[in-house]
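Biologist: I am new to this protein and would like to be guided through its architecture. Could we please look at the model together?

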Amino acid sequence: MTKMIGSLAMCLLLSNAAEATVAPAHKEVPELNAVIRKYVDATNSHDFANVQVLLRPDAVYWFNKSESEGIAAIRKNFEGTWRYLPDEVYGIENVKWLTISEDSATCIYEYTYQGTHDGKPVKGRGRGTTVFTRLDGQWRIAHEHLSIPQ
């Protein structure tokens, strides 16, 4: 029994060490988390102008079955989603920062959405990856990849 508890303690120690590697202690984490919150709020405003200020002009988005490159294409996808789910509420949770450097950062997370389409409730969740880079001293989204696990 003591041997089993020792093995369990070692596994927990190693898993915590691995988690610390995935989510580095870095001074930009609070700032980057604030950018993610701002992005969620901007998305939920259903006003693309609020989203656009958080994007690089050359941003690339990959959704489950589509790709959007540049502001005009990304706008089209956002506005299409808002037409389909006019009361959509989008969320991001369980954010893990994989890399953070002076000028770029990458995180993974789970996203959620809910709303109504033709009077019927619609909701779901999926996984996301977002790459941020600094542009004029501000964190901007360079790439987002959203998928729904099968």
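Biologist: At about what angle does helix 4 run to strand 1?

Modeller: This is a predicted model. Helix 4 covers residues 71-84 and lies across strand 1, strand 2 and strand 4. Its direction relative to strand 1 is given by an angle of about 55°.

Biologist: In what order do the strands stand in the open sheet?

Modeller: The protein has four helices and six strands, and along the sequence they follow the pattern α-α-α-β-β-α-β-β-β-β. The open sheet consists of six strands with mixed pairing, and their order is 2-1-6-5-4-3.

Biologist: Which residue is the bridge partner of W62 in strand 2?

Modeller: Strand 1, residues 55-62, pairs with strand 2 in the antiparallel sense over three bridges. In strand 2, the partner of W62 is E67.

Biologist: To which strand does helix 2 run at about 155°?

Modeller: Helix 2 spans residues 29-45 and lies across strand 1, strand 3, strand 4 (104-117), strand 5 (120-135) and strand 6 (138-147). The angle of about 155° is the one it makes with strand 3.

Biologist: Is the aromatic pair of Y61 and F78 stacked or edge-to-face?

Modeller: The structure holds seven aromatic pairs. In the pair of Y61 and F78, the ring centres are 6.0 Å apart and the planes stand at 65°; planes over 60 degrees apart count as edge-to-face, so this pair is edge-to-face. Because Y61 lies in strand 1 and F78 in helix 4, the pair ties together parts 17 residues apart in sequence. With relative accessibilities of 0% for Y61 and 8% for F78, both residues count as buried, and the arrangement of their rings is edge-to-face.

Biologist: How far apart are the ring centres of F78 and W82?

Modeller: F78 and W82 both lie in helix 4, four residues apart, which is about one turn of the helix. W82 is buried, with a relative accessible area of 8%. The planes of the two rings are at 65°, so the pair is edge-to-face, and the centres are separated by 5.6 Å.

Conventions
Residues numbered from 1 in each chain as written. Predicted model: local features only at pLDDT ≥ 70, side-chain atom pairs only at ≥ 80, totals over all residues. Heavy atoms only, no water. Helix = DSSP H or I, 4+ residues; strand = E, 2+ residues; numbered from the N terminus. Pairing = 2+ DSSP bridges. Contact = heavy atoms within 4.5 Å. Axes fitted to C-alpha atoms, helices over the stretch in contact; angles between N-to-C directions. Phe/Tyr/Trp six-rings, centres within 6.5 Å; stacked < 30°, edge-to-face > 60°. Buried < 20%, exposed > 50% of the residue type's maximum accessible area, 1.4 Å probe, protein only.
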